[in-house]
Amino acid sequence: MRNFLFAGFMFLFSISTFGQTLPKRIYKTERTVTVPIINGELDDEAWMQGEWEGNFIQFEPYNGVAPSQPTEFKVRFDDLHLYIAIKAYDSAPDSITNRMSRRDNGDGDMVYIIFDSYHDLRTGFAFGVSSAGARFDMIFSNDGQNEDPSWDPIWQAKAKIFDWGWAAEMKIPFTQLRFQKNSSDVWGFEVARQIYRHNEMSLWQIFSQNAPGMIHNIGELDGLKEIEPRKQLDIMPYTVGSYNTYESEDGNPFSTGKDFKGFGGLDGKLGVTNNLTMDFTVLPDFGQVEADPSEVNLTAFETYFREKRPFFIEGKNITSFNVGMGDGDVGNDNLFYSRRIGRRPHYDPDLEDNQFAKVPTYTNIIAATKLTGKTENGLSIGILESVTAEEKAEIDTDGQRSFETVEPLTNYSIVRLQKDINEGNTMIGGMATSTIRKLDGTNLDFLHKDASTAGIDFTQFFKEKNYTFSSSVFYSNVRGSAEAISETQQSSVHYFQRPDLNYVDFDTSRTQLSGLGGKIEAGKIGGNWNWLYLNTWKSPSVDINDVGFIQQADQILNVLWTGYNFNEPFGIFRSMHINTDVFLATDFGANLNGVGYEANFRANFKNMWSVGFGGSGQTRQVSKTLLRGGPSIKLQNSIGFFTHFSSDERKAFSLSGFTRQSSTEEKSSRREFYNLDFTVRPSNTLTINIEPEISKNFTELQYVDTYEFDPDTRYIFASLDQKVLSISLRVDYIITPDLTIQYWGQPFVAAGRYKDFKMITNPKADDYKDRFYEFSEGTEIIPGEDIYTVNDGIYSYEIENPNFSYDEFLSNLVVRWEFRPGSTAYIVWSQSRDYSESTGVFDVWDNMDNLFTANKPNNTFLIKFSYRFGLR
């Protein structure tokens, strides 16, 4: 669990209210000639000189009053490092919450220091340490609105508890910070302290919870005379050995039941200039990364999976160009979706009965590099280049071997630039991406040969950043064979083949497809009362999925949102938030596709419990995708509700819960989702988290298949009763901040039973029952074990039994030891199990029994060793 007080501290900036600008405090640091030993003792000569700085003021829960405990600090420097000492006084040292945690998952009492070393009033480099010595680091951008906890600089910190409180020492190399050679005299600067048992945050440079933004409000650090920016050069070679065991297959030469492989690669970080850093990796390995959670996706759309690979996580905000809005599916739309790089191959070879194949499960990355930073004139730069290998399936035909390409050699390029002017009140930026595939000599002409996108964005803040206006526009172009572009036009993103689509042509001779998109946002982000108008649009031909992410084109969405925030405690409440919005969805044919309304309420209590609830309603809904290339269909009006709660996370036992229910008119569909989250901390070094969740979905209109006859088309649907249960178990044992053991496991059980098969007859009929014809079971449709036979009076055809029962177990055990700064050893054990059948029966105990007894698991044992050579 990431430090929730610091995260809440940041959240208050994003919902902040008007506040007067307070005078800036200035701390003057001094050069030291003796290097302090970083041990948390504070007994070095460097800390004996000069006065300790203090006079912190409470930020939350009560803004502007004296903190419950005093805090003091000193900052010293030499040619290579910054040194920070912090005294966190506490009149009850036995009450200090001294919890061990993994890096960036800070828990318990903490202190933080933030440097705006660019002094651009927008960017902050944060370093934190807990009373147990756990480190926390993060980059803030966009004046604190965006945060990147994936940033992992090389630095040191120690902490120790005394009878007067606790102390922290930090040693931060100048190579880990970015600053300009000629403007290093003054940096933005802040020190913060979190007292966990009181849920209290105090600041050295106080400012109002009502201030819109953070970095431009922090104090200043003076006295950094004659320091030189240091160019970083770190080389980190690694080596990996892995051993796999799995179920063997008789006659399959590629499935012997065990495999062993060893390989290596290289990671590195190079300071190109004072402000620009290049990260690079050659033949990267991500074997220690946790697997994606299980899912059953019965929609026409691709699932968005969160990035977990360290190389692509760090600095992801720099290469982001969001073209959606809000949370959920639409919010994921982006010109760059890093999971495209190294993805599962696009093609699976068709095999004969006497053939076996060894097909790669992912595409190897040959090399990748990132260049990030900010120039002296305020230009932010993010450039990523990656080359992935041509992947081939090895095919055995009665002992004869052949190879077939399943993924082409591919080059990905991403360039993101952003310039801030007018003291950060104006931002102008742009982004371009390119995907180039080498298709010559392959059978992969159904893929795009190349794809490119380009976009520009603009943001303007008004009235001390309390009001904002932003806009962006982007262009996409994909090129390839007529087959490739035809498949693109018929994909779920477009469905140009729809018979009622009269404003776009489906052209099978096209060899390229271009489109436009954009969005506009305007609103009041300062003040207890906030409002925002948002508009996003994507033309029918826009397609960014070669290296970006989008689920649906041909979309115009308008949203008007407003909310009110009570940030100061009152009565039994610590804070309260009320929000509501209305939205309107149309397309480029001027068709109304839905009107919706949402409202929600959240209250945080002084005892650190919280509750929330909300609801939504949608009407005049039309789906262009439900028939998967067929005509649009009217949907029933729907209504939904949700509730959530959480207990005090400071306790040894805490829990939270979330429920969501929705239904449509005439009970044509119902959805239920229930989630509980239990966290137990038996000791300050051990955390156990159990998260069960269950969903129950019923719909009378679940797509089954499409059958084309001349001149008719049959769109076959059925009622679906689906149930899904998963239980996630996560265990964190933190032996020391640098030696950790983490386990994650998830059994997953899902089943779906189809009944009441029907065909769509009049999808836009006003009466819901007139939109389809339901087959009579036993006469018009005859169920079988594997095949259902249909005779609709005109045509006879067969439907493959769509019932399913799918069970899966995933687990991952990782022992991580950072034996010296930047050098790490991993021991990993991953296991996966799966079992499936076409019964559609949801029986948890039988399904679990089949899962753990029917098949042999797939086990992977991996050892990875990387060593950092700091050459500068």
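Reader: Over how many bridges do S23 and strand S24 pair?

Author: This is a predicted model. Strand S24 covers residues 426-438. S23 and S24 run in the antiparallel sense, and the number of bridges over which they pair is 13.

Reader: In S24, which residue is the bridge partner of Lys 419?

Author: S23 spans residues 409-421, and S23 pairs with S24 in the antiparallel sense. In S24, the bridge partner of Lys 419 is Ile 428.

Reader: Which residue in the hairpin of S23 and S24 takes a positive phi?

Author: The hairpin has 4 residues between its strands. A positive phi near 55° is found there, and the residue that takes this value is Asn 422.

Reader: Which residue in S23 is the bridge partner of Glu 385?

Author: Strand S20 (residues 379-388) runs antiparallel to S23, and 10 bridges join the two. Glu 385 has its bridge partner in S23, and that partner is Ser 413.

Reader: In the open sheet of 3 strands, which are the edge strands?

Author: The order of this sheet is S18-S21-S22, with antiparallel pairing. An edge strand here pairs on one side only, and this holds for strand S18 (355-358) and strand S22 (400-407). From one strand to the next the twist averages 30°. The edge strands are therefore S18 and S22.

Reader: Is the pairing of S2 and strand S4 parallel or antiparallel?

Author: Both belong to an open sheet of 5 strands in the order S2-S4-S5-S11-S10, where the pairing is mixed. The edge strands of that sheet are strand S2 (30-31) and strand S10 (156-162). Arg 31 stands opposite Phe 77 in S4. S2 is joined to S4 (residues 71-77) by 2 bridges, and the two strands run parallel.

Reader: Why is Glu 249 classed as partly exposed?

Author: Glu 249 is in the loop between strand S15 (233-245) and strand S16 (258-271). Leaving aside neighbours within four places in sequence, Glu 249 is in contact with Ser 255 and Phe 356. Buried means under 20% relative accessible area and exposed means over 50%, with partly exposed in between. Glu 249 is partly exposed because its relative accessible area is 41%.

Note on methods
Residues numbered from 1 in each chain as written. Predicted model: local features only at pLDDT ≥ 70, side-chain atom pairs only at ≥ 80, totals over all residues. Heavy atoms only, no water. Buried < 20%, exposed > 50% of the residue type's maximum accessible area, 1.4 Å probe, protein only. Contact = heavy atoms within 4.5 Å. Axes fitted to C-alpha atoms, helices over the stretch in contact; angles between N-to-C directions.
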